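Please keep the sequence and the model in view while reading.

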Amino acid sequence: MRKVAALVCSGAVALSLALAGCTGGDPTQGKDKGSAAPSEGAEKAGKPSERARAALRPPRSVAALGDSITRGFHVCEPLSDCPEKSWSTGTSDDVDSLARRLLKKPSGHTWNFARSGAQVAELPVQTGEAVARRPDLVTVLIGANDACTDSTADMTPVADFRTAVADSLDRLERDLPRTRVYVSSVPSLMRLWEVGRDGALTRQIWSLGGICQSMLADPTDLGTSAGDRRAAVEDRVVEFNGVLREECGRHPLCVYDDGAAFEYDFTGGHLSRWDSFHPDEEGQNVLAEIAYEKLRKAGGVR
């Protein structure tokens, strides 16, 4: 039902559709102060802006921002990051990462600034690190830890989430006006609970490890209170994804995944055998495929 091919933005053959239809942005917004905006006559004549032309150039470098998903936590060894198998910047042959799909020479041309455990409040800091490297493409996957807390009362308020996302995307456009940005939706936490709740070992790991207790505490409890708690967490993820969609849509070179990661039917085969929560190699490949297809439809990647 939720296959990757059905979740990508359709059609965008013309650049105007790729940048306006998929992102909803104004291609002249946020240009460098030293750059002259294209004349009205040039626009009417069909001459693309410099920012639009940049969107058609294949990227030569990629920087990743986010949390443990993008760091490849639990992919190689328990309790360890494995960025070489990241969906975004990974260089291992075991994962067909976005960088391996897009770059002729991924090694030395990728930077993974994601941090396991990071919440959205850290995104502006990671953005500053990416700006210093001046990559051609920046990927963002953040928000799971803002909903995965000890209790629903600890979840990040939506307004705070929006502020951090907006500040980060604004800076990327201001400081890197020709850099494309790919924003992934936050995967469904309810789906992860549905996949793992019936496994005795998984339930024990979730409990002992204190993993995402706002969603995963008492996983076999199907009562009203537990159901309401899980629904509140999932609703917050939906709200976060709405923010990501809206804020990305304000920027002409930002491509949102249209909820593809959130809607994908992850199974146990996509999740780490050490916690049945973080993506394993197969799960990382799914995220890479979603990102690649979205960017390919938007234009500028082979």
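Are C148 and C212 buried or exposed? Both C148 and C212 are buried, where buried means under 20% relative accessible area, exposed over 50% and partly exposed in between, computed with a 1.4 Å probe on protein chains only. The model is predicted, so local features need pLDDT of at least 70 and side-chain atom pairs count only at pLDDT 80 or more, while totals for chains, interfaces and linings use all residues. Residues are numbered from 1 along each chain as its sequence is written, and side-chain values use heavy atoms, with hydrogens and water left out.

A search of the whole structure gives 3 disulfides, a disulfide being a pair of cysteine sulfur atoms within 2.5 Å. One of them joins C148 to C212, with an S to S distance of 2.0 Å. The torsion about this S-S bond is about -75°, so the disulfide is left-handed. The pair links distant parts of the chain, 64 residues apart: C148 lies in the loop between helix 7 (144-147) and helix 8 (158-175), and C212 in the loop between helix 10 (200-209) and helix 11 (213-216). Helices here are DSSP runs of H or I with at least four residues, numbered from the N terminus.

Another disulfide is formed by C248 and C254, whose sulfur atoms are 2.1 Å apart. Its S-S torsion is about -115°, so this disulfide is left-handed. C248 is buried at 1% relative accessibility, and C254 is buried at 1%.

C76 and C82 are also joined by a disulfide, S to S 1.8 Å. C76 is partly exposed, with a relative accessible area of 28%, whereas C82 is buried at 0%.

Key: Helix = DSSP H or I, 4+ residues; strand = E, 2+ residues; numbered from the N terminus.
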